There are 2 protein chains.
Amino acid sequence: MENLAEKKKAILESTLALVKVNGFHGTPMSMVAKKAGVAAGTIYHYFESKDSLIFELYSYLKQQAIQVVRESQKPDATYQERFFALWFAFYTYYTSNPSVLCFFEQFVNSPYAEKAKSIPSELDELLHAFFEEGINSGQLRPVAPQILSMLAHGNAISLAKVYGIGKLNLATADLELVVQILWDGMSQKTSEINS
Amino acid sequence: MENLAEKKKAILESTLALVKVNGFHGTPMSMVAKKAGVAAGTIYHYFESKDSLIFELYSYLKQQAIQVVRESQKPDATYQERFFALWFAFYTYYTSNPSVLCFFEQFVNSPYAEKAKSIPSELDELLHAFFEEGINSGQLRPVAPQILSMLAHGNAISLAKVYGIGKLNLATADLELVVQILWDGMSQKTSEINS
DNA sequence: CTGTCTTAATTGAATGTTCATTCGGGAGCA
DNA sequence: TGCTCCCGAATGAACATTCAATTAAGACAG
């Protein structure tokens, strides 16, 4: 599972790159094959169909994202530090892999997502637990963890998209400020002061 | 412009509905025609191609969104009140028109968006001005309006998606709290207290 | 009001292309 | 001999788009 056959990996990566440029549609198997340096038929040795290729790419990337999140967490850091690290992990992952962001966004807003919804997502559970911890330890406002998780993740995605547009220069200071905004909004401390 | 021919409108609305269910691809012209109650050829009387149908649908919906934003703004309300109203306008628009949200998200993450990027967006300008006002009047933190706008809009979208998943019951109180989180994070007041 | 002419709207079968998928076979290996 | 991996031409279905033909809608003269 970890060490995917070279060919299979090449097919996945090619698909990813092509979907960013040509879209979900507009990416024929023949093109994937060419880019991956294999014959069209070979793809069907590794994947049942185009659909299942898309699905596998999705879980392949999601696994990667989980890895990124995991690596960002230092167990001896404070909760707030881990919160910031989590946000930056997402932001960095998406900005340095724009095709991943693009693919995810296309996927979750397509009918494919419906079919994948049933599968419980390890990433969601991970985030859920993280935000639950923040609430239980009294550092985050008592909102459903699912909501907090969506807001934080969505926030990082939003900013990654701003970066992607490229019209704006995002200095590190800007990023810090945006996470700060997010943290300030979600933190219990702010809630108490403002009320 | 306002009173589009019935047929044309029917074609646009049918496309919207079908894209939500079948995706951007997976929605052949023949299907659009059938749903709209016209012949395939008729579509080409109103639209140059499938692509231009998609583009026109995009600006048609964007115009609608602008309308929604405009109507949410009462000139005699305080800035914070207008901020909340803006957020709720987006949230309500997206939750009561899930196919619009779905279409927008598919569109902006597809290669189509690249081609539409050049056109200056009235909606963006509107939001830009709104957030600039908040910054200039010292109520919002001094961050690029483009960023604030993206964060606020993205936040509303994130929550609309949570709603769309349907796993969670979102009471009005939850919504209030989420906007509050957003406002608290972006407001200058919070910034001063926390520093 | 009626008939004639003009233009716009509409149709849906026919066209040609694109593309996912198949399959018969070849190469390397045990 | 059997097995896995791989090839790429061939197949057939799906689809965007075209177009010749049909109908509706005005416009204007008598």
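A phosphate oxygen of DNA strand C lies 2.5 Å from a polar side-chain atom of Tyr46(B), a polar contact being a pair of N or O atoms within 3.5 Å (within protein, one must be able to donate a hydrogen and the other to accept it, and residues adjacent in sequence count only if both atoms are side-chain atoms). The model is predicted, with local features requiring pLDDT of at least 70 and side-chain atom pairs pLDDT 80 or more, while totals for chains, interfaces and linings use all residues. Side-chain values use heavy atoms, without hydrogens and water, residues are numbered from 1 along each chain as its sequence is written, and chains are lettered from A and ligands numbered from 1 in the order in which they are written.

For Thr42(B), the distance from a polar side-chain atom to a phosphate oxygen of DNA strand C is 2.6 Å. DNA strand C is surrounded by 13 residues, the closest being Met29(A), Lys50(A), Lys7(B), Thr42(B) and Tyr46(B); a residue is near a strand or molecule if one of its heavy atoms lies within 4 Å of it. Sugar or phosphate accounts for 78% of the atoms of DNA strand C within 4 Å of the protein, and bases for the rest.

By residue class, the surface near DNA strand C comprises six nonpolar, five polar and two charged residues (nonpolar: Ala, Val, Leu, Ile, Met, Phe, Trp, Tyr, Cys and Pro; charged: Asp, Glu, Lys and Arg; polar: the others, Gly among them). The most is given to this surface by helix 3 (residues 40–46) of chain B, with four residues. Helices are DSSP runs of H or I with at least four residues, numbered from the N terminus. Ala40(B) is found in helix 3 of chain B and is partly exposed, at a relative accessible area of 39%.

Over all chains, the structure holds 38 aromatic pairs. In one pair, the ring centres of Tyr79(B) and Trp183(B) are 6.4 Å apart and the planes are at 45°, so the pair is tilted. Rings of Phe, Tyr and Trp (its six-membered ring) pair if their centres lie within 6.5 Å, with planes under 30 degrees apart counted as stacked, over 60 as edge-to-face and the rest as tilted. Both Tyr79(B) and Trp183(B) are buried (under 20% relative accessible area; exposed is over 50%, partly exposed in between; 1.4 Å probe, protein chains only).

Chain A has a mean pLDDT of 93, on a confidence scale from 0 to 100.

Key
Helices (H or I, at least four residues) and strands (E, at least two) are DSSP runs, numbered from the N terminus. pLDDT is the predictor's confidence in each residue, from 0 to 100.
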